[in-house]
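Open the model in your viewer and keep the selection tool at hand. The tour goes stop by stop.

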Amino acid sequence: GGRHQAAAPEPGAAPGAALALLGAVPGAPSCPHGPALLFVKVSHGREEGRRFYACSACRDRKDCNFFQWEDEKVSEARLAAREEYNRNHQPPFTHRQNVERYENFVLLPLSKRRFCQECQQLLLPAEWGKHSSHQILCDISTAQLRSPSQLLYPLENKKTNAQYLFANRSCQFLLDLIISLGFRRVLCVGTPRLHEMIQSKASQEEDFRVRSLLLDIDFRYSQFYTEDEFCHYNMFNHYFFGGEAAHETCRKFLHQDKDGRVIMVTDPPFGGLVEALASSFKKLMAMWKETEKEGYENQEMPMFWIFPYFFESRILEFFPSFSMMDYQVDYDNHALYKHGKTGRRQSPVRIFTNLSPSMIVLPVEEGYRFCAICKRYVSSGNQHCEICNSCTSKDGRQWKHCNLCKKCVKPSWFHCNNCNCCALQNHSCEKTDAGCFVCGKEGHKRSTCPSLSHT
């Protein structure tokens, strides 16, 4: 699982206004999370006010308060202070140092293997004194070292890192699926649990042939993985903190050679800016293409993008070749996104992929069935609609066809003649002539405006 952040409004933004992302710009200033992104306030479809740079990764100013007007002249003194600040906000050890520390750590007898929960750090005996007043875990076993996502506490408090990790069942399903599709290398972008499962099996089972590389913004993982297994990476601005060497590690990993095919699996924060993510994923796809041998010219790197179903239109806008699977992805430490009876409702999280839906076999024992007409697996409640000629449900319940809307809608919706579309029965009717506050067009509210970066 990855980090799921909530979308936070920009401080001082008028309630009607929204922010549009203008993207990653060459020469952008940097914060501790790498190059900042360029934004502008939008109202009624027009840019309003000055463009500004803000942190790519943190939607909440409390986590990173970087801000700079695009046309602002920044003094030498302030630039120097900023560089100093960025340097001081990097992790205490380099990845190389963490790898050396790990090598020393595993040589220690069990009784001397300690982990500081407050500093989220493996401790060597010489450092015990400094951490004596902290909460310490003792006797760290090899099994614990192989499951760092369970040893490290999830950074749920920080919106940037609200880490919800795949439930074991979903993780195992993904891995089985990847293997059955014939992939031998997995680029894990913000999916530490999947990476961990692959690494663990590779170290324990001789005939296990799958390899993985984790790209993640959580640097704590560098304590457990070598430079060939983990790159510190920000998926919102395609920034490798390890510079050219890390970039090269990723390029080498994507290189198509005798070790078989590669697939990218990503599980971004749900409050993340879809177009910033899409832009980074396109750069990773381009990196894959550069390393291509002949015969793949007009192919895309195979990809699973794990995201809530209500982002479907946004994802398809950037990746028209993608389609959404009905499989519900579950998370361990998320009250809402659990499977079956324990969660308050079914998980809205799905797999978007550019692989042919007919290849993706979903587990019948979990209530999925094959639709012979659509040639894909669907939820058992997802009935094929004769009029739409497809299995139309997005949320696992059976949807119903509305002849006036000319499409299937949620079972709890009814056609409203005022709004001229289907909605919940007790909704407050929008004035139909008002149009959307952001782009001025009719037919949707500001919060679902397709021209928006949701921030």
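This is a predicted model: local features need pLDDT of at least 70, side-chain atom pairs count only at pLDDT 80 or more; totals for chains, interfaces and linings use all residues.

Select Asn420. With a relative accessibility of 59%, Asn420 counts as exposed; exposed means over 50% relative accessible area, buried under 20%, and partly exposed in between, with a 1.4 Å probe and protein chains only. Residues are numbered from 1 along each chain as its sequence is written, and side-chain values use heavy atoms, with hydrogens and water left out.

**Stop 1**

Helices (H or I, at least four residues) and strands (E, at least two) are DSSP runs, numbered from the N terminus. Check the backbone: phi of Asn420 is positive, near 60°, and the residue is not a glycine. Most residues other than glycine have a negative phi.

Now select both strands, E24 (residues 413-416) and E25 (residues 421-424). They pair in the antiparallel sense over four bridges. Two strands pair if DSSP finds at least two bridges between them. The hairpin has four residues between its strands. Which residue of E25 is the bridge partner of Cys416? Pick Cys421.

**Stop 2**

Go to Cys405. It sits in the loop between strand E22 (400-402) and strand E23 (407-409). Leave aside the neighbours within four places in sequence: Cys405 is then in contact with His415, Cys421 and Cys422. Contact means heavy atoms within 4.5 Å. Draw a distance from Cys405 to His415. Their C-alpha atoms are separated by 8.0 Å, and the two residues are 10 apart along the chain.

Select Lys406, in the loop between E22 and E23. Lys406 also has a positive phi, about 60°, without being a glycine. Is Lys406 buried or exposed? Lys406 is exposed, at 68% relative accessible area.

**Stop 3: the eight-stranded sheet**

Switch to cartoon view. Eight strands form an open sheet in the order E13-E12-E11-E10-E14-E15-E17-E16, with mixed pairing. Its edge strands are E13 and strand E16 (323-324), each pairing on one side only. Pick out E10 and E14: they run parallel, joined by six bridges. Leu187 has Met264 in E14 as its bridge partner. H8 packs on this sheet and touches E10, E11, E12, E13, E14 and strand E15 (303-308). The direction of H8 makes about 170° with that of E15; axes are lines fitted to C-alpha atoms, for helices over the stretch in contact, and angles run from 0 to 180 degrees between N-to-C directions.

**Stop 4: helix H7**

Select residues 243-254, helix H7. Its 12 residues should span 16 Å at 1.5 Å a residue, and the end C-alpha atoms are 17 Å apart, which agrees. The expected span is 1.5 Å times one less than the number of residues. Colour Ala246, Thr249, Cys250, Phe253 and Leu254: these are the buried residues of H7. Seen down the axis, they fall within an arc of 130°, so they line one face of the helix. The arc is that of the directions from the helix axis to the C-beta atoms. Glu244, Ala245 and Lys252 are exposed, on the face turned away from the buried side. Cover for the buried residues includes strand E11 (211-216), strand E14 (261-266) and helix H8 (274-290).

**Stop 5: helix H2**

Move to residues 95-107, helix H2. His95, Asn98, Val99, Arg101 and Phe105 are buried here. They cover an arc of only 160° around the axis, which puts them on the same side of H2. They pack against strand E7 (114-116), strand E8 (121-123), helix H3 (142-146) and strand E12 (230-234).

**Stop 6: the four-stranded sheet**

Find the open sheet with the order E1-E4-E5-E6 and antiparallel pairing. Strand E1 (18-23) and strand E6 (67-69) are its edges. Inside it, six bridges join E4 to E5. Leu38 has Tyr53 in E5 as its bridge partner.

**Last stop: zoom out**

Show everything. The protein has nine helices and 25 strands. Of its 455 residues, 49% count as buried.
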